[in-house]
Amino acid sequence: MTKRIIIRLIRALTLLFGLSILTFTLIHLSPMDPINAYIGGDSSASPEQIEKFKEYWGVDKSPVEQYISWAGALLHGDFGTSKLFRSPVMDIIQSRFLTSVALMGTAWIVSGVIGYILGVTAAMKRGKLTDTIIKWYSYTLVSTPIFWMGLILLIIFAVWLQWFPVGLAVPIGVLESEVRFIDRVHHFVLPALTLSILGVANVAMHTREKMIDILNTEYIIFAMARGESKWQIFINHGFRNSIIPAMSLQFAYFGELFGGSMLAEQVFAYPGLGSTLTHAGLKGDLPLMVGIILISSLFVFAGNLIADLLNKVVDPRMRRVV
Amino acid sequence: MKAKRTKFIKNRTFSIITLGLSLILLAGCGTGSQKSENVLDSQSSIPVKEDLVLAIGKLDGGQFDPKKGWGMTQIRLTHSSLLAIDSDLNFIGDLATSYTVSEDGLNWTFPLRDDAKFSNGEPVTADDVKFTYEMLKEDGIKFDLTFVKTIEVTEGNTIVITLNEPRSTFVSQLTEIGIVPKDHYNDQYSQNPISSGPYKVVQYDDGQQIIMEYNPYWYGTEPQFKKLTFLLLDEDAALAAAKSGEADIVYVPPTFAEQRVEGMTLRTYESIDSRGIMFPTQPSGGSSMTNGEEVESGNDVTSDLAIRQALNIGLNRQELLDIVLNGHGQKAYCLCDDLPWFNEETVVEDGNIETARQILADGGWVDSNQDGIVEKDGRNAEFDMFFSSNDQLRSDLSLAVADQARDLGMKINTIGTTWDDIYLKGKTAAVAWGGGRHHPYQLYTMNSSKASNKGINNMSNYHNDKVNEYLDLALTASSQEEANKYWKLAQWDGETGFSGIGDAPIVWLLRVDHLYLANDKLDLGKQPIHSHGHEWALFGNITEWTWSN
């Protein structure tokens with residue numbers, strides 16, 4: 001077991017190393033100029049001043065030099081300073097991480113559970129009306145862009161029904177110190193719901209397929225011949241066999257979830273990692289961007305690790321695989 | 001044994017689901033009742049409304065720090081400056097009670113008021129002014145103060161600024177530079193801005209909202225609204241906020257202007273926020289600098305004067321206004337239409353295809369092969385036009401212009417891309433350009449060849465000795481009247497100039513009306529003609545705003 005963990009750790013480190021190099025390279029290759037993004041189209045800085053500014057930001061050096069100095073600082077635990085916010089990257093990430101994790105976590109659990117239940121139900125009722133409805137529902141959702149879904153929910157629940165606020169993570173005009181927990185929950189519901197709804201379809205459709213395969217196997221026919229009820233068949237045979245693909249899929253969904261949360265956060269002006277990453281990306285704030293990318297990939301990596309471990313708990317056959 | 005474990009799993013799964021669902025339900029119920037409480041509160045509250053909720057767009061950079069670009073029209077809310085502009089565009093005193101300029105235009109003297117205080121109660125002194133100007137001069141990125149020689153504090157709380165050379169546009173910079181406290185300014189100033197404007201920032205949640213409260217030490221007229229909350233929402237979400245009654249003022253793009261919101265009316269304000277097309281004025285093969293990068297420049301088609309003048313007179317501005325802005329705008333002929341330094345002779349009767357074709361024909365552009373595109377020396381009148389693809393207005397404008405140009409016998413290939421790309425390639429093709437200020441300095445930076453190669457100035461690489469001369473005279477004039485005279489001559493002196501009827505390095509087409517949806521009860525006072533930069537132009541007269549029940 002120790003050996004396996006060490007192997008995983010090495011994998012994680014090489015992944016992060018590769019990712020940081022890739023990010024640096026991509027940013028260097030992109031036509032985006034962080035100096036332009038900062039200066040904007042509205043000033044008349046002279047070439048000498050721009051040189052001075054590049055020096056201050058450290059972008060006058062070659063990409064390799066920039067990378068080495070960045071990586072050197074990282075080894076001491078320093079993620080650098082955000083150029084846009086002029087404060088340590090780690091502080092910014094810390095303040096945003098919790099909101100994002102809460103958002104993604106809730107959406108992840110809700111979509112996984114509901115998706116799985118819908119998938120199983122559809123498979124068990126294959127060909128009936130329930131199945132058709134669930135199928136159509138899933139097809140529609142799969143082809144729905146997440147920001148559009150967010151806007152629809154916004155119009156229905158915030159504008160027409162006025163049950164929920166149109167955006168932000170806290171009530172309008174209320175100071176941070178006076179915000180109550182229930183206010184945060186109130187503002188949390190719509191973005192979380194937006195994210196959850198779209199995750200449902202994938203899990204539901206894959207679970208349905210897997211479940212149908214299972215229902216077609218000989219051991220199910222044998223069980224039916226023994227006179228087991230549908231519920232018993234699901235509990236005794238269906239659950240274990242279908243939960244693993246559903247779980248793997250759900251963990252593979254981590255990355256997509258992150259992308260989705262970026263859009264949902266934009267629509268609802270919800271201050272999470274996603275919207276910060278977009279901001280950093282558009283303004284060429286390299287340290288902040290790499291910082292968020294590393295932290296979020298670590299997050300995704302941890303997710304996959306948990307999936308593997310869980311798989312092994314549920315299915316003893318998997319324990320032999322490294 | 002085995003059966004028991006399965007059952008346990010089932011039970012646990014079930015209870016987790018139940019817990020999750022009930023949590024969601026609880027959240028819904030709890031907050032539902034809280035909302036209705038709030039509504040009750042506001043209904044029974046005192047008659048004078050003291051807080052406003054505004055959704056006027058995203059705050060883009062700046063963040064209350066003049067060094068980061070907090071300036072132009074934004075500063076009025078939070079900062080005070082030496083001078084200010086009233087709604088008739090006159091320069092009036094703010095921190096300075098008055099100002100005098102020496103005969104030679106080199107010495108500017110500002111006696112400061114004694115009652116000005118920062119939001120922490122400390123007085124605003126001449127030292128703070130000196131510090132702010134020196135800091136910005138040193139930085140030099142956002143404000144060009146290279147022409148300032150010295151800044152001195154003299155007796156009687158007075159500031160004397162000495163220039164290297166006369167600079168008539170300096171007066172407008174005096175209205176744009178917010179004064180920061182010497183003792184509290186550092187790199188973290190954005191996080192806790194201390195300033196001497198009518199409002200102070202009490203909370204800034206990046207990407208969410210800015211909460212400002214009345215600064216009790218403010219020396220000017222006390223505003224009716226003691227608290228302002230700015231929602232940093234996208235346009236769609238901002239409109240949703242208006243519809244759900246959460247915002248009192250919402251900025252709307254022209255495409256949303258027909259939206260009806262109960263209890264709100266559309267407010268339309270004329271602006272000098274202009275859009276046009278910038279053309280390279282030199283033949284291809286050259287190179288110059290943009291934002292510190294060496295880039296290729298020149299275009300063989302647009303460098304021909306006939307092409308640019310034909311577009312100036314041939315394009316139908318009213319049709320462009322209707323297509324691009326749903327009619328919510330004005331025609332533009334120069335960068336400064338209707339301002340005191342505008343030369344009215346540059347107004348043409350536009351949409352005149354006959355004259356445009358004549359200009360082309362006189363310039364040697366004829367359609368000899370009958371393909372609908374005119375040629376000269378075997379070269380088709382065909383060129384690329386860049387626009388920022390995330391700007392709806394500029395995309396629409398570019399496509400509409402390309403469409404109209406076809407009638408004149410020109411082929412314009414429109415290319416949507418990022419500003420970074422435009423800055424790199426823009427000097428070789430036409431660009432959907434924008435600008436417009438309450439002061440004429442942009443006339444200089446966009447048209448003087450002496451300003452080229454700095455930042456994104458004079459993208460056309462335009463050079464005309466006569467225009468340079470007028471621009472220099474205007475810039476170094478020691479009185480506003482004299483300066484205005486030369487600004488006008490630079491546009492058109494009867495023979496030459498940078499306006500559309502002259503060399504037309506930039507053909508200006510339209511001015512964008514600034515549109516807001518505001519609560520019926522809100523009176524926004526007398527608004528001056530707005531400048532470029534939609535969001536903050538509204539707040540110049542915040543202290544005049546009232547709410548009538």
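Mentor: Across the interface of chain B and chain A, two residue pairs are in polar contact, both at pLDDT 80 or more. A polar contact is a pair of N or O atoms within 3.5 Å; within protein, one must be able to donate a hydrogen and the other to accept it, and residues adjacent in sequence count only if both atoms are side-chain atoms.
Trainee: Why bring up pLDDT?
Mentor: This is a predicted model, so local features need pLDDT of at least 70 and side-chain atom pairs count only at pLDDT 80 or more, while totals for chains, interfaces and linings use all residues. Residues are numbered from 1 along each chain as its sequence is written, chains are lettered from A and ligands numbered from 1 in the order in which they are written, and side-chain values use heavy atoms, with hydrogens and water left out.
Trainee: Which element gives the largest share of chain B's side?
Mentor: H1(B), with eleven residues. Helices (H or I, at least four residues) and strands (E, at least two) are DSSP runs, numbered from the N terminus.
Trainee: What about residue classes on that side?
Mentor: The side of chain B that touches chain A has 17 nonpolar, 19 polar and 25 charged residues. Ala, Val, Leu, Ile, Met, Phe, Trp, Tyr, Cys and Pro count as nonpolar, Asp, Glu, Lys and Arg as charged, and the others, Gly among them, as polar.
Trainee: New topic: is Asn464(B) buried or exposed?
Mentor: Asn464(B) counts as buried because its relative accessibility is 13%; buried means under 20% relative accessible area, exposed over 50%, partly exposed in between (1.4 Å probe, protein chains only).
Trainee: Where does Asn464(B) sit?
Mentor: In the loop between helix H10 (441–447) and helix H11 (465–475) of chain B. Its side chain reaches the backbone nitrogen of Lys466(B) at 2.9 Å.
Trainee: And what does Asn464(B) touch, leaving aside neighbours within four places in sequence?
Mentor: Thr496(B), Gly497(B) and Asp503(B) are in contact with Asn464(B), where contact means heavy atoms within 4.5 Å.
Trainee: Got it. How about Gly105(B)?
Mentor: Gly105(B) is in the loop between strand E4 (100–101) and strand E5 (107–111) of chain B, and is buried, with a relative accessible area of 2%. The C-alpha atoms of Gly105(B) and Thr476(B) are separated by 7.7 Å, though the two are 371 residues apart along the chain.
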